[in-house]
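Let's go through this one in questions and answers, checking each label against the rule behind it. Have a look at the model first.

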Amino acid sequence: MPHAETFRASADAYDRLVGRYGEPLAAGLIGFAGVGPGMRALDVGCGPGALTAALARRLRPARVSAADPSEPFVEACRVRVPGVEVVRASAEALPFADATFDAALAQLVVNFLPDAEAGVREMARVTRPGGVMAACVWDYSSGMTVLRAFWDAAHEVDPQRSADADEGHMHWCGEGELPELWRAAGLTGVRAGSLDVRAAYADFEDLWSPFTTGVAPSGAFCASLDPERRSALHDALQRRLGAGDGPFELTARAWTAAGRVG
Ligand SMILES: C[S@@+](CC[C@H](N)C(=O)[O-])C[C@H]1O[C@@H](n2cnc3c(N)ncnc32)[C@H](O)[C@@H]1O
């Protein structure tokens, strides 16, 4: 299944998988981009709306638009962030006029775009000259603790199939790759950075249960395993994280890029 298809899923399952990192990440991305009052902003690949909600709080809902191709996520975003225009659309074909926004942001999205160059071109087209474009992607190869541990555990139990599925291999997620995409799109004053966030878990089962729903590439991989391998994956992930019956927190790192539309 193509990675992007795995997000046609329940918003609640997404919240419990990685959505729990969304709020601090959104605050960091908004700060990194320099989005402030008076601006009009677009959230591309909004999902259930973590960044949309943060933008609406900062700018007022009427000054925020959001787009995502996943029907359940668009529906959840509309309910969660009233007053924001939420459209079902892909980054590669944004239904907005040229230069509509002062800022276009994409949180954890660019690596899932079937045509990232086209998506970035569209984000630039709908942003006014001098406006800001910013994005972040997980550091899957190291700093995103839960997903790195998940794929390392997956390599233990099903080395063949996990090799292709591992999100650590996705384009634009290595350090410096996102800023390179921004420069190649003709953005100016490109800045690179990183954001470190944390999320809390009640216990290991709180972390594990969303994987079994099939949401996101990691969940889709987990749900595709036979019961024996799924149980082995559960145990390998638990061992790698050293998590048990009590509460714990994990850290996650995302790479960022921001630049100005020429
Ligand atoms: C990891 S989620 C991030 C969601 C949200 N931005 C957040 O921070 O929680 C990736 C999102 O990218 C969306 N997506 C997938 N393909 C896309 C495309 N071609 N254009 C825009 N968004 C896309 C998915 O539907 C999903 O909502």
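Q: How do the residues lining the second largest pocket divide by class?
A: In this predicted model, that lining has five nonpolar, three polar and two charged residues. The elements giving two or more residues to it are α7 (159-165) and α10.

Q: Which element gives the most to that lining?
A: Helix α10 does, with four residues. The lining as a whole is made up of Met1, His3, Thr6, Arg161, Asp164, Ala165, Pro217, Ala220, Phe221 and Ser224.

Q: What makes those residues count as lining the second largest pocket?
A: The rule asks for an atom within 4 Å of a pocket point, and Met1, His3 and Arg161 are among the residues that line this pocket. Its volume is about 170 Å³.

Q: What volume does the largest pocket have, and which residues lie nearest its centre?
A: About 760 Å³ of space lies in it. Its lining has 44 residues, with Tyr14, Gly45, Gly47, Asp68 and Val109 nearest the centre.

Q: Which helices supply at least two residues of the lining of the largest pocket?
A: They are α1 (11-17), α2 (22-33), α3 (50-59), α4 (71-80) and α10 (216-224). Helix α3 has the largest share, four residues. By class, the lining of the largest pocket holds 25 nonpolar, nine polar and 10 charged residues.

Q: Why is Phe73 called buried?
A: Buried means under 20% relative accessible area, and Phe73 has 2%, so the label applies. Phe73 is found in helix α4. Leaving out residues up to four places away in sequence, Phe73 touches Phe7, Ala9, Ser10, Ala11, Tyr14, Gly47, Pro48 and Asp68.

Q: Are Cys46 and Cys222 buried or exposed?
A: Cys46 has a relative accessible area of 6%, so Cys46 is buried. Cys222 sits at 0% and therefore counts as buried too.

Q: What makes α5 a mostly covered helix?
A: Eight of the 11 residues in helix α5 (residues 116-126) are buried. Those are Ala116, Ala118, Gly119, Val120, Glu122, Met123, Ala124 and Val126. The buried residues of α5 pack against β1 (41-44), β4 (101-107), β5 (127-138) and α8 (177-184).

Q: Which residues touch the most other members of the largest nonpolar core?
A: Trp138 and Trp182 do, in a core of 108 residues. Helix α6 (residues 145-157) gives the most to this core, with eight residues.

Q: What is Trp138 in contact with, leaving aside neighbours within four places in sequence?
A: Its partners are Val18, Tyr21, Leu25, Leu108, Met144, Leu147, Cys173, Val197, Ala252, Arg253 and Ala254.

Q: Why is Arg60 called exposed?
A: Exposed means over 50% relative accessible area, and Arg60 has 56%, so Arg60 qualifies. Its place is in the loop between α3 and β2 (64-68). The backbone is worth a look as well: Arg60 has a positive phi of about 90° although it is not a glycine.

Q: Where does Ala216 lie, and is it buried or exposed?
A: Ala216 lies in helix α10. With 4% relative accessibility, Ala216 counts as buried. Ala216 has a positive phi of about 65°, and it is not a glycine.

Q: Why does Gly36 count as buried?
A: At 11% relative accessibility, Gly36 falls under the 20% limit, so it is buried. Gly36 has its place in the loop between α2 and β1. Not counting residues up to four places away in sequence, Gly36 touches Arg58 and Leu59.

How values were computed
Residues are numbered from 1 along each chain as its sequence is written. This is a predicted model: local features need pLDDT of at least 70, side-chain atom pairs count only at pLDDT 80 or more; totals for chains, interfaces and linings use all residues. Side-chain values use heavy atoms; hydrogens and water are left out. A nonpolar core is a set of buried Ala, Val, Leu, Ile, Met, Phe, Trp, Tyr and Cys residues joined through side-chain atoms within 4.5 Å. Buried means under 20% relative accessible area, exposed over 50%, partly exposed in between (1.4 Å probe, protein chains only). Contact means heavy atoms within 4.5 Å. On a 1 Å grid over the protein atoms alone, a cavity is a set of points where a 1.4 Å probe fits but cannot get out, and a pocket is an open set with protein on both sides within 12 Å along at least five of seven lines; lining residues have an atom within 4 Å of a point. Grid points are joined across faces, edges and corners, and a volume is the space filled by probe spheres set on the points. Ala, Val, Leu, Ile, Met, Phe, Trp, Tyr, Cys and Pro count as nonpolar, Asp, Glu, Lys and Arg as charged, and the others, Gly among them, as polar.
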